[in-house]
Amino acid sequence: MGTADGEANTLNLFLSIGLDKRTAENVLVNQKVTANLTAVIKEAGVDGCSKTIGNLLYMVATKYPANALIHRPSLIQYIVSSKIKNQAQLDAALAFLSTVGPEPFNLNEFEEVCGVGVDVSIEEIESSVNTVLEENMNAILEQRYHFNVGNLCGQVRKCHPWADAKIVKELIDAKLCVILGERTADDDKKPLKKKKEKPVKVVEKANDAIACIPSVEEEVNPYSIFPEPAENFKVHTEIFFSNGDIWRAHNPREILEKHLKFTGGKVFTRFPPEPNGYLHIGHAKAMFIDFGLAKERGGSCYLRFDDTNPEAEKKEYIDHIQEIVQWMGWQPFKVTHTSDYFQELYDLAVELIRRGLAYVDHQTPEEVKEYREKKMNSPWRDRPIAESLKLFEDMRRGLIEEGKATLRLKQDMQSDNKNMYDLIAYRIKFAHHPQAGDKWCIYPSYDYSHCIVDSLENVTHSLCTLEFEIRRPSYYWLLLALDLYQPYVWEYSRLNISNTVMSKRKLNRLVTEKWVDGWDDPRLMTLAGLRRRGVSSTAINSFIRGIGITRSDNSMIRVDRLEHDIREELNKTAPRTMVILHPLKVVITNLDAGSVIDLDAKMWPEAPSDDSSSYYKVPFTNIIYIEQSDFRLKDSKDYYGLAPGKSVLLRYAFPIKCTEVIYGDNDTILEIHAEYDPSKKTKPKGVLHWVAQPSPGVEPIKVEVRMFEKLFLSENPAELEDWLADLNPCSKELIPEAYAVPSLASAVLGDKFQFERLGYFAVDTDSSPDKLVFNRTITLRDSYSKSGSK
């Protein structure tokens with residue numbers, strides 16, 4: 001009870017500073033963050049505070065530099081007193097304190113660096129926005145909505161580094177809308193990129209040839225770089241031994257002819273996931289290459305489960321992988337498992353021992369590591385062949401304890417390649433196998449089984465990511481040692497996307513420690529998460545094709561590049577509708593309370609007037625709702641929302657003019673009174689989306705809306721030591737009761753919409769007959785740079 005009460009008290013403490021319940025519960029899972037945040041709140045001396053201050057305190061708890069802890073109480077007082085009041089100021093403060101460490105510092109210098117006391121008014125921001133727009137006007141008019149808004153925001157922030165970034169963005173968007181008018185079909189087209197002339201690169205190594213500028217054919221067909229199966233008799237890998245020997249990997253004619261007879265000369269590839277988690281977008285690239293090459297050449301691709309580690313594998317993962325592969329648009333030629341070949345793998349291991357190329361070893365993992373670092377042979381390396389054969393049989397029969405023996409390949413402990421340091425082929429594991437049951441208590445390693453099963457399945461092209469390139473000599477050493485057919489091996493750059501993690505170990509930790517809501521959390525880059533968010537497989541494959549199949553370095557791809565492809569598709573396929581996230585009641589005083597005017601609203605921007613299927617009905621009554629953010633008490637020249645005495649146009653409806661503001665307690669606005677112009681003679685500049693009561697006294701449909709942002713604050717959280725501390729506390733916002741137009745009531749799972757002025761949304765699996773739930777897939781604005789940003 002004491003522990004439960006303590007956790008409840010700590011949870012309430014975190015909630016008191018404005019953290020949402022999910023974030024607070026996630027903090028409790030991490031003892032380090034819990035202790036830090038508790039200490040920070042204590043140092044702050046607050047008994048509850050605003051969400052803004054609470055989020056800043058949370059950032060201090062997760063990001064504060066350890067070398068400057070002596071100054072933390074001082075920083076916290078700056079936050080509590082609102083002298084430091086936004087993330088930009090706090091980031092500057094943390095950077096400053098990280099530099100000075102525990103040493104005393106000049107307070108005036110600190111305050112100047114952090115912008116303490118600097119208040120940037122909306123008028124000042126507007127003035128700078130106007131200046132920046134004027135300076136860029138020619139380019140804006142030429143490029144229209146293709147112009148990089150992020151660049152404009154950056155120019156304004158140079159003038160006002162402490163300005164509210166959200167206000168800057170909103171002002172720029174509003175002014176661009178006035179300057180350019182509504183988006184046209186041309187504005188939504190992807191701009192053509194001008195190709196820059198590149199000097200011809202001199203290639204010194206054969207393997208670097210792939211990095212050259214692609215030919216026209218390669219741009220059209222990304223698979224043209226791969227050789228035909230009949231060409232796989234050429235030497236393309238050499239294995240250098242420390243004694244001066246060189247093995248040249250290639251297929252003798254008789255082995256290649258036997259292989260070609262089985263395959264009919266067609267391409268055979270394989271997609272070999274390990275069933276220890278859900279697949280992510282990096283696997284989508286592997287599928288695009290493995291399945292795509294086979295499809296393009298009229299061949300076949302295996303879906304092969306690399307199930308050599310029974311302790312990490314689950315049927316749930318196997319079922320998910322099979323289902324998600326098909327969802328991605330790929331059809332396996334055959335589903336196989338490495339475990340299907342356990343007997344053949346065992347027999348070949350026995351053959352290696354007989355040939356003097358494998359031995360049973362008794363070194364501990366620590367000893368193996370030490371001997372490899374010193375390039376020393378194991379003391380059991382040269383034991384008699386007969387002895388290793390007997391011991392290996394004892395391993396198979398379960399007569400040797402787990403961890404007491406392994407089978408190692410006899411490769412080259414003095415090689416320059418660490419993957420030739422007598423790799424482990426078999427280890428003892430007394431574990432039930434999901435596929436093989438309890439037949440085996442020894443299991444092959446990936447390094448041993450992967451290449452052999454490639455050969456047994458007559459794979460023509462064994463394709464993998466660049467981190468496996470160092471294993472290529474070991475791959476071919478094993479096949480050469482056993483006189484087996486050798487597939488053509490080629491490595492490509494792995495896919496790295498910003499503001500996320502794609503290591504299965506890290507993903508598993510996020511899921512099991514409940515930092516996210518399962519493997520299909522829409523904030524994750526798992527394929528299940530992307531699908532739940534509303535992303536289609538065609539958009540993912542379009543993104544993969546766009547980044548290409550190369551051997552270039554593993555550079556980081558900005559997430560907005562993926563978002564660009566998602567947005568391109570949804571703009572063409574998602575019908576428009578209207579939803580109000582934060583409703584503000586507006587009473588139309590010159591419309592009878594019992595009146596209902598049925599209006600036509602466009603599902604598509606270019607909907608033809610004679611096509612009724614391109615429209616949906618929206619009721620207009622005397623009570624409507626607009627977004628709270630679309631009303632201000634104080635009007636300004638460049639504000640296009642509603643204000644007292646001001647008119648706006650309701651989308652697909654009429655102009656309305658605010659005539660009165662009704663207040664509640666504490667001067668809160670309860671409702672707005674307005675008059676509508678049935679003649680539509682008024683021509684206001686501002687256009688608002690809205691939702692009306694469908695009939696007198698009946699509230700609009702209530703839906704739940706989930707808004708998602710980047711899961712991590714840093715572009716590359718995986719490189720951080722405390723990567724969990726980089727989780728974005730504002731990555732998910734839940735709006736439980738948004739208002740929707742009546743036509744949305746018929747939405748079902750799989751439906752996707754553009755909520756006008758808000759973004760693209762998809763029906764979530766949590767939806768029920770009583771309440772629809774929508775996930776925001778993507779925002780409307782495209783931040784992807786036209787200048788070739790990654």
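A residue counts as buried when its relative accessible area is under 20%. By that cut-off Cys 464, at 12% relative accessibility, is buried. Its surroundings come from a predicted model, as does everything below.

**Cysteines.** Searching the whole structure turns up zero disulfides. For Cys 464, the closest cysteine sulfur belongs to Cys 451 and is 11 Å away, too far for a bond. Cys 177 is partly exposed, with a relative accessible area of 38%.

**Helix α15.** Let's turn to residues 315–327. Buried here are Tyr 317, Ile 318, His 320, Ile 321, Ile 324 and Val 325. These residues cover an arc of only 165° around the axis, which puts them on the same side of α15. Their cover includes the strands β3 and β4 and the helices α14, α21 and α22. After the helix comes Gly 329, with a positive phi near 100°.

**Salt bridges.** The whole structure holds 46 salt bridges, including these:

| Pair | Closest N to O |
|---|---|
| Arg 304 and Asp 454 | 2.7 Å |
| Arg 383 and Glu 387 | 2.8 Å |

Arg 304 and Asp 454 are both buried. Arg 304 sits in strand β4 and Asp 454 in helix α19, so this pair ties together parts 150 residues apart in sequence. Glu 323 of helix α15 and Arg 531 of helix α22 tie together parts that are 208 residues apart in sequence. Glu 323 is partly exposed at 37%, and Arg 531 is partly exposed at 29%. Arg 383 is buried, at 13%, whereas Glu 387 is partly exposed, at 36%. Finally, a network of salt bridges links Asp 520, Arg 532, Glu 704, Arg 706, Asp 764 and Asp 766.

Terms used
Residues are numbered from 1 along each chain as its sequence is written. This is a predicted model: local features need pLDDT of at least 70, side-chain atom pairs count only at pLDDT 80 or more; totals for chains, interfaces and linings use all residues. Side-chain values use heavy atoms; hydrogens and water are left out. Buried means under 20% relative accessible area, exposed over 50%, partly exposed in between (1.4 Å probe, protein chains only). Helices (H or I, at least four residues) and strands (E, at least two) are DSSP runs, numbered from the N terminus. The arc is that of the directions from the helix axis to the C-beta atoms. Contact means heavy atoms within 4.5 Å. A disulfide is a pair of cysteine sulfur atoms within 2.5 Å. A salt bridge is a side-chain nitrogen of Lys or Arg within 4 Å of a carboxyl oxygen of Asp or Glu.
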